[in-house]
Amino acid sequence: MSAGEVSSSFDKPYRPAAIAIANRVGRVLGLGSKPITASGVLADARKKAKLSEFGDESFLEPLEILVDSINREAALNPVGRMIIRGRLVGVLVNKLVAHDTIEKNPEILDVPVEAPIVIAGLARTGTTMLHRLVAQDPSMRSLASWEAINPAPLAAPQPGKGKDPRYAQAAAAAKGLKYMSPGFFAIHPAEPDAPEEEVILLEQAFLTTTPEAMMNVPTYSRWLEEQDHLPAYQALKRMMQYLQWQRPGPGHSVRWVLKTPHHQEYFDPLLQVFPKATIVHTHRDPLKTSASFFSMVTHLQMIFSDEVDPNRVARHWLNKIENMARRTMATRDRVEDRGFVDVSYYDLIKDPMPEVERVYDAAGAALSAEGRQAMEASRKVNRQHKYGKHKYSLADFGLTKDDVEPRIAAYRERFGVPYE
């Protein structure tokens, strides 16, 4: 697979020799068919963390539903099953450690994280570009990829002792991703020192769309959309406080900049927890972005399963895109657009700095000369197609314009989104 150009060819999952052998051995040993159990991952997490108390146990129901959906529907290969189970244990270990640390240091829950800037548009609308720019500002706090991979480490980081050891862990994970899917970075770069999506932190409540991006879990997905996500956003705030306590920003004026398309379905609970948030709603032609996103998710799912149907992936996520647009518009109607600022992808591509200034003005934040200089330097490094060019089309997923346009027509009209 060429790193220069990544196409949406899904005829056969890419498998490096070592991974192919591991999957064959795993099947012979029956590892691929062995079910994951909630009791098993909970026990392993407690053993690894040497802790037993999670605090609020409302996460147990979503964990049970997720695990059941994985076992019945995800069709994971042996390596995929090992990775997914390891992720579940990792999340639970982080829950145990964070709860224990906060119990011992209750002042963590007094750390102010009241008015984040939240970048949330449909996937592939320039959210990553804008997020990475704003995150360069020294007065802003973002979730680093090396933090996201292990937000509550077993051994507390030692300030002034060099680079946090989690950086090496994140670098190894990025190297592993490149090995298993060489073209994935052209679609969505996952660099160890880059800002990461906080959707990963929502896993603390097991109320997140991350699992359905990684694998086919329709039962969990349907259940998820019917739940109250307030506990997830309460858990997110708690983890932001915990992370800021671990790594404070300069002075007391630090603000968080967040980013994930996930929020579009759940702006109501987000605003309950962060009523002073400034929400940056990015826009681009969904006929263009949808195919790109379908390709990204399909490539991701093919790492963990040998039975990925790109047409099924596209149908599932087209439903979610429509739902995101519908729920977002409902929230914006309810709040009469207060706290929202609209940003066009096309304006970002032309020159992002005026859009950054608009975001700062809307958030009541000051863009310093130092912040501006850091952003300009970042633009030279994080250029478009840095890891290759991603090629895709709706036809790759058995769809046409007529299949997609009626689903997003109301969104296009509401925000004046042009055809690309």
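Here's a short walk through a few spots in this structure, going from the surface to the inside. Keep in mind that you're looking at a predicted model.

Let's start on the outside. Find E53, D56, E57 and E103, which together form a negative surface patch. Pick out E103 from that group: you'll find E103 in helix α4, which covers residues 78-104. Is E103 buried or exposed? With a relative accessible area of 54%, E103 counts as exposed, because the cut-off for that label is over 50%.

Now head inside to T125. This residue sits in the loop that links β2 (117-119) to α5 (127-134). What does the side chain of T125 reach at 2.6 Å? One answer is the backbone oxygen of L122. There's also a polar contact of 2.6 Å between the side chains of T125 and T282.

Last stop: G183. Look for G183 in the loop between α7 (166-180) and α8 (184-187). With a relative accessible area of 4%, G183 is buried. Along the sequence, G183 and H299 are 116 residues apart. How far apart are they in space, C-alpha to C-alpha? For G183 and H299, that distance is 8.8 Å.

Note on methods
Residues are numbered from 1 along each chain as its sequence is written. This is a predicted model: local features need pLDDT of at least 70, side-chain atom pairs count only at pLDDT 80 or more; totals for chains, interfaces and linings use all residues. Side-chain values use heavy atoms; hydrogens and water are left out. Patches are made of residues with over 30% relative accessible area and no salt bridge: like charges are joined within 9 Å, nonpolar side chains (Val, Leu, Ile, Met, Phe, Trp, Tyr) within 5 Å. Accessible areas come from the Shrake-Rupley method with a 1.4 Å probe; for residues, only the protein chains shown count as cover. A salt bridge is a side-chain nitrogen of Lys or Arg within 4 Å of a carboxyl oxygen of Asp or Glu. Lys and Arg count as positive and Asp and Glu as negative; His and the chain ends are not counted. The place of a charge is taken as NZ of Lys, CZ of Arg, CG of Asp or CD of Glu. Helices (H or I, at least four residues) and strands (E, at least two) are DSSP runs, numbered from the N terminus. Buried means under 20% relative accessible area, exposed over 50%, partly exposed in between (1.4 Å probe, protein chains only). A polar contact is a pair of N or O atoms within 3.5 Å; within protein, one must be able to donate a hydrogen and the other to accept it, and residues adjacent in sequence count only if both atoms are side-chain atoms.
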